Amino acid sequence: MGNVPSAVKHCLSYQQLLREHLWTGDSVAGALDPAQETSQLSGFPEYVKIVEVGPRDGLQNEKVIVPTDIKIEFINQLSQTGLSVIEVTSFVSSRWVPQMADHTEVMKGIHQYPGVRYPVLTPNLQGFHRAVAAGATEISVFGAASESFSKKNINCSIEESMEKFEEVVKSARHMNIPARGYVSCALGCPYEGNITPQKVTEVSKRLYGMGCYEISLGDTIGVGTPGSMKRMLESVMKEIPPTALAVHCHDTYGQALANILTALQMGINVVDSAVSGLGGCPYAKGASGNVATEDLIYMLNGLGLNTGVNLYKVMEAGDFICKAVNKTTNSKVAQASFNA
Amino acid sequence: MGNVPSAVKHCLSYQQLLREHLWTGDSVAGALDPAQETSQLSGFPEYVKIVEVGPRDGLQNEKVIVPTDIKIEFINQLSQTGLSVIEVTSFVSSRWVPQMADHTEVMKGIHQYPGVRYPVLTPNLQGFHRAVAAGATEISVFGAASESFSKKNINCSIEESMEKFEEVVKSARHMNIPARGYVSCALGCPYEGNITPQKVTEVSKRLYGMGCYEISLGDTIGVGTPGSMKRMLESVMKEIPPTALAVHCHDTYGQALANILTALQAKAAWTQHSNPNIISL
């Protein structure tokens, strides 16, 4: 209502709003009065670790194949935002994932900042050895809670994949290299539809039991909602402590932040996200994929939760990669800020 | 990972996923086993009323001015979805809001389905009378928790706007026409920035006190987060029962669903706290 265009001219710029009104990562907690802080923090973990998967999960699912030097610059920018974990690349055959063909060059080319970890995906022993040779000091293995997805995605059954991962994780532990386990289709599968929480728990237990220090539960096609997230986590948390769990939510149906909020309320404090919401959904043409790191940080800042990550710097890295990939950002925060 | 393109060919279509795997509205509750239903319902209200504001708040803020017949068809389609409240139009001067210039034609042109309510915005008495003449049976008034926003948006202070709304709501009540009150900038203002929960409570109380049956708390610029939503609601719910409250969240920063989830939880928590005999499922 009202004469909107002239009114808008007198608005605070969004940058000003963000800076001055407690919605950015700069000393948010310190600016609140204690009474507010208390009511804000109840029911939530004090600190949330963000695992940035843009360079791997994000770029892997973009149509454009990003040049190696751009990837390296992108990762170097992310390293300066306060993020403590950045997934760099995937040591998988370029026949399957051409977007990650330059895995060795990227791993060798990035600047490894102190205090930042740079895990890489290693689907098998061969990939693992290449990763280590290229300087990797942390690895991930990628399982699924769905037989069909496992067969279609990595060409083997869940059991066969677990055997491969055992080899990888054993070798990694032998070399004191931490291994993270992913469970895809935790809230639904593009082939089987519904996935039971029991199945997710079973696969997670397997990965945790073989030595993965953390299990990232992925809503691969973004169909989950707070209800299904809660049911799944209740099941998994009977077997695995919440301190060893993470959630990896896709925003295909716009549910990601609500699902993440639910997970946080249940005691999970590790969340995967991708700057700019990089990476669409290969199963739903035109749909979005990963939840945007910027939007996640915005929510966590508003909750007064400590992440250590600077929202502005993340937005700058997001702007950089979107221009390089020639796409519009999927982050609503970035859209609101840059278009203001 | 893996050879994605050929794998995708074998996917269930999303329509199939939605239909067969419990993600659509068709008898969802009935399809779940009791154990699942139990854990699903705890901490949330049993029923959620959705107030559809697309034809008014939505179209009002689109650049394209939609032809009257398209609006009427749109609203008629919405009337057949199960929505119980659809905000039709705004009886405001076309000089200010050209997108709503056809308010009378739209109000007269839609088919009013039984069981569906069709509120309209009426910023002043003149708009109210026009609305009633056009067949409106429910109205809304639009206040703000920010002085600057009130002045810039409707050209008067909060106090002046409340006086106007009192006239409208009084006339509405006199004719047994329910009135809903909106409070803009409940979680932040584009001019003032931060808005205190106390201010939101004050304005909400005013509207509730003059006879509005429901107060819709609007995050007008979408800057709210679950933290600020919770703080604001805790303040408002001290003065207004949650049964008389609604949330109107903008998704400008992608926070809307998380904020709505928080509001649903806050309402359920309040209900339990104030009614210890209610057993939580």
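In chain B, Pro197(B), Gln198(B), Val200(B), Thr201(B) and Ser204(B) of helix 11 meet Arg231(B), Met232(B), Ser235(B) and Val236(B) of helix 12, where contact means heavy atoms within 4.5 Å. These residues divide into four nonpolar, four polar and one charged; Ala, Val, Leu, Ile, Met, Phe, Trp, Tyr, Cys and Pro count as nonpolar, Asp, Glu, Lys and Arg as charged, and the others, Gly among them, as polar. The model is predicted: local features need pLDDT of at least 70 and side-chain atom pairs count only at pLDDT 80 or more, while totals for chains, interfaces and linings use all residues. Residues are numbered from 1 along each chain as its sequence is written, chains are lettered from A and ligands numbered from 1 in the order in which they are written, and side-chain values use heavy atoms, with hydrogens and water left out.

Helix 11 of chain B spans residues 197-209 and helix 12 of chain B residues 226-236; their axes lie 8 Å apart at an angle of about 45 degrees. Axes are lines fitted to C-alpha atoms, for helices over the stretch in contact, and angles run from 0 to 180 degrees between N-to-C directions. Helices (H or I, at least four residues) and strands (E, at least two) are DSSP runs numbered from the N terminus. The two helices are therefore oblique to each other, since angles under 35 degrees count as roughly parallel, over 145 as roughly antiparallel, 65 to 115 as roughly perpendicular and the rest as oblique. Their crossing is right-handed, a term for a near helix turned clockwise from the far one by less than a right angle, anticlockwise being left-handed.

In chain A, helix 12 (residues 226-236) packs with helix 13 (residues 256-265) at an angle of about 35 degrees, the axes being 9 Å apart. Helix 12 of chain A contributes Pro226(A), Met229(A), Lys230(A) and Leu233(A) to the contact, and helix 13 of chain A contributes Ala258(A), Asn259(A), Thr262(A) and Ala263(A). By class, this contact has five nonpolar, two polar and one charged residues. The crossing of helix 12 and helix 13 of chain A is right-handed.

The structure also holds three cavities of 30 Å³ or more. On a 1 Å grid over the protein atoms alone, a cavity is a set of points where a 1.4 Å probe fits but cannot get out, and lining residues have an atom within 4 Å of a point. The second largest cavity has a volume of about 50 Å³. Helix 9 of chain B supplies four residues, the largest share of its lining.

Key:
On a 1 Å grid over the protein atoms alone, a cavity is a set of points where a 1.4 Å probe fits but cannot get out, and a pocket is an open set with protein on both sides within 12 Å along at least five of seven lines; lining residues have an atom within 4 Å of a point. Grid points are joined across faces, edges and corners, and a volume is the space filled by probe spheres set on the points.
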